[in-house]
Each structure stands twice: as structure tokens, then as C-alpha cells.
Amino acid sequence: MEPKIITIVGGGSTYTPGVVKAILSKKDTFPVKEIRAYDIDEERQNDVAIIVKEVVKANCPECNFFTTTDPETAFKDSDFIFAQIRVGKYAMREQDEKIALKHGAVGQETCGCGGLAYGLRTIYPMVEILDMVEKYAAPNHWILNYSNPAAIVALALKKLRPNARIINICDMPVAIINSFADILHCDPHDIKPDYFGLNHFGWFTDIWVNGESRFEELRQHAIAHGYLCDVPDEQHWEPSWVHTYGNVKPMMERFPDYLPNTYLQYYLLSQDIVNDANPDYTRANEVMDGREKTLFDAIRRYKETGKYDDGMFVVGAHGTFIVDLAESLCRENGGRYLLIVKNEGAIADLPDDAMVEIPCYVSPRGVEKISVGHIPTFYKGMIEQQYACEKCLVEGAIENSYTKVLQAFALNKTIKSSTQAKAILDDMIIANKDYWPELK
Ligand SMILES: NC(=O)c1ccc[n+]([C@@H]2O[C@H](COP(=O)([O-])OP(=O)(O)OC[C@H]3O[C@@H](n4cnc5c(N)ncnc54)[C@H](O)[C@@H]3O)[C@@H](O)[C@H]2O)c1
Ligand SMILES: O=P(O)(O)OC[C@H]1O[C@H](O[C@H]2[C@H](O)[C@@H](O)[C@@H](O)O[C@@H]2CO)[C@H](O)[C@@H](O)[C@@H]1O
Ligand SMILES: [Mn+2]
């Protein structure tokens, strides 16, 4: 395989060191000759690059790495574009979460009104990135996009740039499958999931391990313990993730047919989530005091001492997933992944233009969807409401329509009434004045 050029968009991301380590750990089967980091915040990116350069030195010194804020330098002849931007950074995530909570609604990064606000910030910066990639990158490039909120970004980009060579992805199901492997005491690579939904709004319907369904074992475990188990891993140690994995238990006790994505807690346990939340200290604060602080403390230590601990970057689901996907696009290796793709009948009961998260085979031929077929009424109803919400949001952004954005807010399952929706929206318009399309 010809060694590739990869551009990471959002090079200042807290995930960049882990993603680079994941890329270089596969150099024998997925050789990469150059990694470029591109960001609009030069200072943040240059700081993160201090650590990334150490990761490159420790894992593949022959790989060329550099940072840039110039699009042509970033994208020229690039084979893969890994996108992971956060428009407005954590400060705006904090606003997304706290404004919704102030009005008694779920305050979350990608779900509820927080996710809708995040989506309105992200759509057009992503369109701009796709246009720059189209102008400069290699003709057969692939954009693998992590930038959230992936459901809204995927729906908007499919409408605004239908021919873009982009695959939108999410590492949550991968993380959950890693927990399934802990519970089943098997290798996560041996697990083949059956799954349907939208991004952050889906269900596992079967779990195959080496050709044998072990769904019933998992179902019984989840009814008793949620997704928690006695094998600590990267996901289980942070209190809010422990709480999230534990919240699968009440969801399974009530709706035991399928295994839920953890994000469904925000829709099926909305009031419990609001009751348990601290409106003055949300997940954004935890991440700023956690992942972000850990990274920038390491950067400061390196600047002072020249010392760096390569072990501090666990290459978790986030890093391995995107690199495994990229490799399968280059090399026939039977890759099968949950991807966010245009429905077009894969889920028989949903609109063709919905962007659904389903199992797909991936090879140098591209993405081949696996048909899901019909789904039961409860799931169809839940998904149709969420899809209508997301579609109204995207149309509101494109048409600059206050009414359509208000419809999106009012349609969201986390919202009690249009009065609550309007109060949240009007506060969010003020907080997002530097980011949102104008709404009339
Ligand atoms: N899809 C998934 O499952 C998944 C998993 C983890 C993280 N994410 C997403 O990845 C993104 C990065 O997360 P993070 O916590 O590292 O964020 P971060 O704030 O640490 O880094 C984001 C970077 O993006 C940059 N950026 C913002 N707008 C940009 C633009 N228009 N062009 C180029 N760069 C831009 C910022 O300057 C910043 O350096 C977020 O959207 C997050 O939600 C998605
Ligand atoms: O609250 P955060 O910023 O810590 O996490 C929000 C993201 O959560 C999921 O990504 C997880 C991933 O599932 C897990 O394996 C590990 O890599 O941590 C990630 C970030 O914590 C979700 O898929 C993302 O969309 C969220 O942005
Ligand atoms: Mn996700």
C-alpha cells in the first residue's frame, strides 16, 4: 500500500495525540508518510503539537508531521481528512449545557437543545472545510468526520454537499462494544453487532461473537447491572460515565427488547437526568477540569522540563475506530462498522433521506449498507420524532428560519412545551450571536 497523507482538522483537539498514536501504531498495515494538523486556533494547535511531535518521535520518527493554519498547505493531495472540530470550543459547550438546564431541560453536548445549538454552530464551518478539501485534496480522498453533533452535521452536509466523500462516525457504539466484551469475557474484535438508529439515538438488536449470538446473556446482564461490570476500563472510572453506564439498567427494566445506546438516557430518563444535574457544574466543566487540563498540564510540564510520558495517551475506541475504518477503505480486510449513512430503504420504515447509524461493510469499493428491514412501532416513533427535530433544525439553519428552529426545539423529546422551547431558544440566540446563522 502506498503510504498515505493524513490531515487532522481540529489539530488542537484533545484527541489529536491519541489519534496520531493510533495512526502510527498501525504503520505495518496502514503506512502513513505525512500527518498534517490544521486548525483556526494556531496557539492551541501549536501547544498540542508539542505533545504530538513526541508521540511521532516515540512511535514512527520517519513520519513527517507539521501544523498549519493554511488550508492549501493542510489539504493539498491529502488522502484522508480526519475532522474533529469543536466550534466555540468548551466555553460554548458549557453554554449549551447550562442554558438548557437553567430552563429545567436536559443540558448535554449533542442531545436536546444543547445539541441543537451545537449543530447550528457547526453546520457552516463544516461546509467550508468540505469545500476546501474538495479544492485541494487528492481526488479519491475520504473525509472521516467525528465533529459533533454528528447526526445534525451528517444530515446537513448530505443536503448541502451531497457528493462530498465524507463518512460520519461515532465511537460510542465502539466503546459500548468494548464493555460488552468485558461483560462476555471475549475479544471486542470478535463481536459483530446488529444495530439501528440515528447517531446517539440507536439500539443493538443482536450481538454475534464468532458466529454465536450472545445477546440474551447481555440482555440479562444489562437488566441487572446496566453496562457496568467488574472489569474497570477507560470508560468506567469517571463518575459521570459510571452514572451513564448504570442508567442503562432502568431503561432495560422498562424496555428490555433491545440494548440501548447510552445516549438514550437523555430521552427516556430526561427528568431524572435534570434532577441529578448540577446546573453550576456540568460535563463541560468536568472535561475542562479533566481531559483538557490533563493535556495542557502535560504540555506545560514538557515546556518546563522537556519530559513527556507517552503512556498518558490511551489509544481508546476513539483513536482505533477511525484508523481501522481508514485502513478498510484502502485494504480488503472484511471491515464491518456502524456508520452514519443515507437510509435509502435500509431501515424500511424510515424516510430515504434520514441519516441512519447502521452496520456497513467497508472496503476499497467504499461503503456497503447492510439492510435492517422493518423496526417495531416504539422505535419507529422515537426515531421519527428525533429525525423530524433534526431535519427542522437543518432546514432552519439553511433558510435562516426562527420558526423552523423553534419547531426543532419543540419537537425534541427532552422538551416539555413550546413555551420552554422558546425560552431556551431565545437565550441561546444571545449566547450564540457570534456563531449561529441569523434567524428571522
Ligand atoms: N463522533 C464522536 O463519537 C466523537 C467522539 C469524541 C469527540 N467528538 C467530537 O470531536 C470534536 C473535538 O472534540 P475535543 O473535545 O477534542 O474538542 P477541542 O475543543 O479540544 O478541540 C477542537 C478543536 O477544533 C478547532 N476548531 C474549531 N473550529 C474549527 C474550524 N472551523 N476549523 C478548524 N478547526 C476548528 C478548535 O480550535 C480546537 O482546537 C468535538 O466536536 C467532539 O464532540 C466526536
Ligand atoms: O463528555 P466527553 O467529552 O468526555 O465525551 C463526549 C463524547 O462521548 C462519546 O465519545 C467517547 C467515547 O465513546 C469513549 O470511548 C471515549 O473515547 O471517550 C469519548 C469521549 O469521552 C461520544 O461518542 C462522543 O460523540 C461525545 O462527544
Ligand atoms: Mn458520538
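Why does Arg 283 count as buried?

Why does Arg 283 count as buried? I began my notebook with that one. Arg 283 counts as buried because 21 C-beta neighbours lie inside 10 Å; the cut-offs are 20 or more other C-beta atoms within 10 Å for buried, 12 or fewer for exposed, and partly exposed in between, with C-beta atoms placed from the backbone.

I kept in mind that this is a predicted model, where local features need pLDDT of at least 70, side-chain atom pairs count only at pLDDT 80 or more, and totals for chains, interfaces and linings use all residues. Residues are numbered from 1 along each chain as its sequence is written, while chains are lettered from A and ligands numbered from 1 in the order in which they are written.

**Recorded sites**

I found that UniProt, in an unreviewed entry, gives the feature "binding site" at Arg 93, Asn 148 and Arg 283; such annotations may be inferred rather than shown by experiment.

I placed Arg 283 in helix H13 (a DSSP run of H or I, at least four residues; strands are E, at least two). Leaving out residues up to four places away in sequence, Arg 283 touches Glu 97, Glu 109 and Ser 240 (C-beta atoms within 7 Å).

I then found Asn 148 in the loop between strand S5 (142-145) and helix H6 (150-160). Asn 148 is buried because it has 23 C-beta neighbours inside 10 Å. With the sequence neighbours up to four places away left out, Asn 148 touches Glu 109, Thr 110 and Tyr 118.

Note on methods. Contact = placed C-beta atoms within 7 Å.
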